[in-house]
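Work through the exercises below with the sequence and the 3D view open. Try each task before reading its solution.

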Amino acid sequence: MKFSLSQADVYVPSGVDPAVALARTTHLCIGAHQDDVEIMAYHGIAACYGREDRWFTGVVVTNGAGSPRAGRYAKISDQEMQDIRRREQRRAARLGDYSIQLQLAHPSASVKSPESTAVCADLAQILAACRPEILYVHNPVDKHETHVAVFLRCLEAIRSLPRAQRPRQVLGCEVWRDLDWLPDSEKVALDVSERPQLARSLLGVFKSQIAAGKRYDLATLGRRAAHASFHTSHTTDATRALTFAMDLTILSRIDTMEVKTYVRELVRRFRDEVTARLDALGRGSARSRNVRPPT
Ligand SMILES: [Zn+2]
């Protein structure tokens with residue numbers, strides 16, 4: 001497989017042919033930066049870990065050039081930082097027993113440009129070769145621009161493929177914004193409590209980010225624990241760690257559906273849920289007058 005940039009990095013921890021490693025993929029994650037895959041798709045990594053019938057593949061779209069740096073990484077050039085982050089991502093792939101790890105090395109600016117076709121072309125090739133059961137990708141309400149752009153390029157890539165080559169399920173995952181606000185009926189709760197030591201180690205690999213003062217490792221594990229406890233108020237915790245996802249499969253099936261329309265509807269339902277509760281409980285409301293609110 002040939003990617004648009006010569007700096008693209010292909011790494012197969014087990015050493016099999018990359019074409020074989022792609023074809024056996026059942027769980028695929030496409031993330032913007034090194035460490036995004038481990039933050040948002042641990043569900044897929046754990047589902048495939050140590051199995052011969054399921055394989056996880058990680059894709060990092062950008063070159064990771066613009067990351068903040070501090071401590072012993074403070075004086076490191078952009079080029080050196082890219083090398084360090086590439087190596088860290090390879091280490092995570094080895095530790096997590098991934099089928100293959102691809103790092104496409106696109107500058108953030110070209111990912112964000114709707115006119116640039118190279119990112120979409122690379123992603124379409126990967127998706128066609130993997131045909132995964134589950135695709136984990138950034139969700140369209142993430143607050144990091146590059147994450148949203150990666151999602152949009154990914155959706156364009158999916159829509160450019162014949163239906164038989166599209167992923168069976170597309171999940172928009174959490175990195176730079178939690179999804180606890182989604183109505184429960186729209187929320188996919190993914191149990192990520194398996195192998196807690198592996199989960200911790202995978203996040204600890206990215207020392208260049210942690211040293212910059214961003215404790216993504218603690219934040220990610222904390223968010224998973226918080227979701228597990230705060231997901232349902234009236235039942236005991238069913239699991240110790242959860243991540244939430246948005247089921248975006250419908251956008252990969254209906255090519256004419258606009259992302260904006262889909263997201264607005266979710267936001268409207270959130271707004272309605274919050275205002276309906278306030279209406280029901282507020283002074284002068286139907287419930288406060290001991291009258292049953294309309295259902
Ligand atoms: Zn990121």
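**Exercise 1.** Is E145 buried or exposed?

Solution. Step 1: take the cut-offs, where buried means under 20% relative accessible area, exposed over 50%, and partly exposed in between (1.4 Å probe, protein chains only). Step 2: E145 has a relative accessible area of 57%, so E145 is exposed. The model is a predicted one, in which local features need pLDDT of at least 70 and side-chain atom pairs count only at pLDDT 80 or more, while totals for chains, interfaces and linings use all residues. Residues are numbered from 1 along each chain as its sequence is written, and side-chain values use heavy atoms, with hydrogens and water left out.

**Exercise 2.** Find the salt-bridge partner of E145 and say which helices the pair joins.

Solution. Step 1: a salt bridge needs a side-chain nitrogen of Lys or Arg within 4 Å of a carboxyl oxygen of Asp or Glu. Step 2: K112 meets E145 at 3.7 Å, N to O. Step 3: K112 lies in helix α5 (residues 108-112) and E145 in helix α7, so the bridge ties together parts 33 residues apart in sequence. Helices (H or I, at least four residues) and strands (E, at least two) are DSSP runs, numbered from the N terminus. Step 4: K112 is partly exposed, at 37% relative accessible area.

**Exercise 3.** Describe the salt bridge between R223 and D178, and state how many salt bridges the whole structure has.

Solution. Step 1: the R223 and D178 side chains meet at 2.6 Å, N to O. Step 2: R223 is in helix α10 and D178 in the loop between β6 and β7, 45 residues apart. Step 3: R223 is buried at 16%, whereas D178 is partly exposed at 30%. Step 4: a search of the whole structure gives 14 salt bridges.

**Exercise 4.** Which two contacts does K187 make, with D184 and with F244?

Solution. Step 1: K187 and D184 form a salt bridge of 2.8 Å, N to O. Step 2: K187 is buried at 13% relative accessibility, and D184 is partly exposed at 48%. Step 3: the charged end of K187 also sits over the ring of F244, 4.8 Å from its centre. This label requires NZ of Lys or CZ of Arg within 6 Å of the ring centre and within 35 degrees of the ring normal.

**Exercise 5.** Classify the aromatic pair of F56 and Y98.

Solution. Step 1: rings of Phe, Tyr and Trp (its six-membered ring) pair if their centres lie within 6.5 Å; planes under 30 degrees apart are stacked, over 60 edge-to-face, and the rest tilted. Step 2: the count by this rule is three aromatic pairs. Step 3: the F56 and Y98 centres are 4.9 Å apart with 65° between the planes, so the pair is edge-to-face. Step 4: F56 lies in strand β3 (residues 56-62) and Y98 in the loop between α4 (78-95) and β4 (100-106), so the pair ties together parts 42 residues apart in sequence. Step 5: F56 is buried at 1%, and Y98 counts as buried at 1%.

**Exercise 6.** Classify the pair of W176 and Y216.

Solution. Step 1: the ring centres of W176 and Y216 are 6.2 Å apart and the planes stand at 80°, so the pair is edge-to-face. Step 2: W176 is in the loop between β6 (169-173) and β7 (187-191), and Y216 is in helix α10 (residues 216-230), 40 residues apart. Step 3: W176 is partly exposed, at 29%.
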